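Open the model in a viewer and follow the selections below in order.

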Protein chains: 2
Amino acid sequence: MTRADVQALDREDLFAPLRNAFEIPEGVIYLDGNSLGPMQGATRRHVADVVSQQWGEGLIRSWNTHDWIDLPTKIAGKIEGLIGVPKGTVAVCDSTSINLFKVLAAALHARPSRRVILSERNNFPTDLHIAQGLIDLLADGYELRTVATDELADAINDEVAVVLLTEVNYRTGRRLDMAELTRLAHAGGALTIWDLAHSAGAFKVELAAANVDFAVGCGYKFLNGGPGAPAFAYVAPQHIKDLRQPITGWFGHATPFNFVDDYAPAPSIERMRVGTPPILSLAALDSALDIFDGVDMLALRAKADRLFEIFSSVVVPECPELELVTPLAPNQRGSQIAFRFEEAYAGVQALIAQNVIGDFRTPDIMRFGLTPLYLSHEDVWQAAHVLVKVMRDRLWDQPAYRVRAKVV
Amino acid sequence: MTRADVQALDREDLFAPLRNAFEIPEGVIYLDGNSLGPMQGATRRHVADVVSQQWGEGLIRSWNTHDWIDLPTKIAGKIEGLIGVPKGTVAVCDSTSINLFKVLAAALHARPSRRVILSERNNFPTDLHIAQGLIDLLADGYELRTVATDELADAINDEVAVVLLTEVNYRTGRRLDMAELTRLAHAGGALTIWDLAHSAGAFKVELAAANVDFAVGCGYKFLNGGPGAPAFAYVAPQHIKDLRQPITGWFGHATPFNFVDDYAPAPSIERMRVGTPPILSLAALDSALDIFDGVDMLALRAKADRLFEIFSSVVVPECPELELVTPLAPNQRGSQIAFRFEEAYAGVQALIAQNVIGDFRTPDIMRFGLTPLYLSHEDVWQAAHVLVKVMRDRLWDQPAYRVRAKVV
C-alpha cells in the first residue's frame, strides 16, 4: 500500500472531520489512546468553565444550579449507549478497581454456596489483586482460581461463583467471546463480571445481548475522559434490586440529604455510589463523551480494522524480529496491535523519539492503540514506516533508550 | 462592636493579603467554606495548565515528565504539615468514605478478638454507613455501637476494637477532645479512627501528639481543593508495615509496573492507594494547598475565634429565636457557628438571596463556616447584621424559600 492509497482512504473517511475536535500536538502520531485518550478542545473549554464559573462563581449553589448532583447519572446515560445496556444500569464513580471490588462482593453475595472466583492468568493485574484483597478480607474459604485463556470454558464448574474476565487483553489485544463465555458461566450456575477497559469506546459492546451480569470500565482510555478519569460500573437490571455492594457511603443512600444514621440503599443503580462525586474530573469525562454522539460504532470498528491491516501489512513483512501477538481475525481482537520483541522497551523509546507514541508492556510487548476518531489512515501508515525504520536501522539500540522511566 | 471597630481589626489582619488569592464573586459573603471551599486564581490557572499542557501536549508522557505518578505523594506532604504527622504517613486518594472503609477494615484486622466499632450517634452519616456496610460484608459478629457524645468515655470497654469519631460535628461544630478520647481508647485496648473533615485546614491538628492510629479527611472543605476533591488517609507509622487494607488495586502494589498476577503491598503508605490517580482533581487540590505555605495555624485559629465572637456578639442578643448550638469555649468547637431554628432552611435561603451564603443541615440547623483565609472581620460583621435583618423582618417567611432544592 502506498502513501497515495492511504491518502485516498482518508479522503473518503467519514471520521476525518472528528480529528479536529482533538488537540494533538503538531507532528505527533498518537498510538497510545488505549492508555490515555487525548484531549479535545471542547473538553479543555468545558473544564475551564466548570472551574471558573460553576465552582468559582456558583460555589456551593452549583450542586443545584448546575445539577452537579446528577452529573454522574448524566454521564452514565452516555456510557449506557456505548455498551448496549438500558437506562439506569450504569453508575459513574470511583476507579475501575474500586468498582470491581463493589460488584465482585455483590456477586459473591448473590452466590452464597460457592467459593471460587474464576479468572484468567495474565488478566490485568488490578483485577486479580482486587479479588485477592476481597478474599483475604472475607476469610471464608474463597479462592481465586486462574487458568490459561483456553482452559476457561472447562474450568467453569459448580464451585465457581463468579467468572471475572477482561474482554480485551491489555498486552496481546486478544478479545474473548463474551457472549459464549457468559452463556457457559450461566449454564454452570455462575455469574459474570466483565472488565471493559479496552472495549468501551473502542467498538460496539453488547452487554445486555450477551446477558452479562456485571461490568466495570475505564474513563480514560478509549473514552478520552482525561488522566485518571472516573470509572463506571454496570449492573444488569435483575440484579439491582437486591444488590449488596459493601462500600455504603452517603451518596449511595436512598435519601442522602436526610442525614440519617441508618444506611438504606438507593433503590436504583445509584446505590453503587459512595462518596461525594469528583466534579472536575467528571466534567472532563462528560464533555469528552460527546464526540461519540452520532458515531456509528460498527463503522468506527470497520475503520479500526483497516488501520490494523495497514499497520500490519507494512510492519509484518519488513520486521521479522517482531512477533505479532494480536489475533488476525477481527472478532478475536480489540482495537490495538501488539508485537513481542526482546528490546520492546527500547524500541518504544526510539519510536517516541521519532514522535510516534506507542506503549510498552513488560516484559517484551510493544502495543499500539488504533483509534479511528483521531487517527488517519496516513497517520497509521506513516507510524508503521517509522517502526520499520527503527527496526531496520536498529535505532532502539542506544543505551539511553534502555533507561526505564518510573511509569512504563 | 461597630463597623469601624471591625475595619480596624481588618487593617491589622495578617491574613488580609491572602483574600486576593481567592476569586469570590463580588458582593458575596461566603460562609460555606466548610461545605465547599472557594476557588483560588492560582488553582484556576494550574488546572487549565494541567489540562492543556500536561494532558493535551504531554499526553501519556506526563506520567513521567510531569511526575503524575508521585502527585498524590507530593500532595500528601502538604497535608502532613497541616495535621501534625511525619512524612510518609498520609495517602491522598479516593473519597473520605472509601478511605474510611480501608482504614476501618485494617483496624478491625489489627484487633481480631474484638467485635465492636464504637461511634457517636449523629456522627456524619457516611461514617456510620461505611461501618454498617463493612459489618454486613464481614458477617462475623461485628457490631456498630453508637452512643451519645457524653457517653463515649464510659462506653469504651474490652469489646471495642475501634473508636470511630469525627473530631468536629458537622451540625453543631462541637469539637471532641481527640487526645483524651484516644488515650481512653488505648487504655481500653482499642484503636482510634478520627474523621478530620471539619478539622484539616481549619485549625492546628496534632494527630501524632495525640497518638491517633488512623485518620481520614476531606479535600474540598477547609482545604479548598474543589468540588469532590480527592480525600486523604493517615496511618500511624507503627501500623503501616502490617496494614491490611482490603481494596488492593495496582497502584497500591509494591511494583505496579511489573504487572504481576500476585498482589504484594507497597512497603510504604502508598499501599493505601487503589486505582489510577485522578490527575485533574488532584491538580486542583495540589494548587489549592499552597495557600497554607507559611500560614501560622495558631494565628489562623485566633482570627477564626475573633470571627466567632463578632458573629455571635451581633446575632445572639438580637435574635432570641436562634438557639446557638456551638460551644462557646474555643477548644470545644471547630471553625463554624451554628444555630437551631425551626425554619432554618427558609432562613438560609433568605440569607442567600441577600448574598450571604450559609448552609442548612436538616432538620433545623443554620451553620456558617468561619474561614480566616478569605473572610474579613467586616465580612463576618456584615453577614451577622444581614442575619439579624432576616430574622427581625421575617424575610425567611416567604413560600419560595421553603421549596427544597435537591441538595440541601
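This is a predicted model: local features need pLDDT of at least 70, side-chain atom pairs count only at pLDDT 80 or more; totals for chains, interfaces and linings use all residues.

Residues are numbered from 1 along each chain as its sequence is written, and side-chain values use heavy atoms, without hydrogens and water.

**Domains.** Colour domain 1 (3-30 + 296-402) and domain 2 (48-292) of chain A separately; the bounds come from an automatic or database domain assignment. Their centres, taken over C-alpha atoms, are 30 Å apart.

**Interface.** Select the 26 residues of domain 1 of chain A in contact with 19 residues of domain 2 of chain A (contact: heavy atoms within 4.5 Å). The rule finds six residue pairs in polar contact across this interface, both at pLDDT 80 or more (a pair of N or O atoms within 3.5 Å; within protein, one must be able to donate a hydrogen and the other to accept it, and residues adjacent in sequence count only if both atoms are side-chain atoms).

A:Lys221 is buried, at 11% relative accessible area (buried: under 20%, 1.4 Å probe, protein chains only). The side chain of A:Lys221 reaches the backbone oxygen of A:Asn34 at 3.1 Å.

**A:Arg301.** Finish at A:Arg301, also buried, with a relative accessible area of 10%. Beyond four places in sequence, A:Arg301 touches residues including A:Arg175 and A:Phe203.

Key:
Chains are lettered from A and ligands numbered from 1 in the order in which they are written. Buried means under 20% relative accessible area, exposed over 50%, partly exposed in between (1.4 Å probe, protein chains only).
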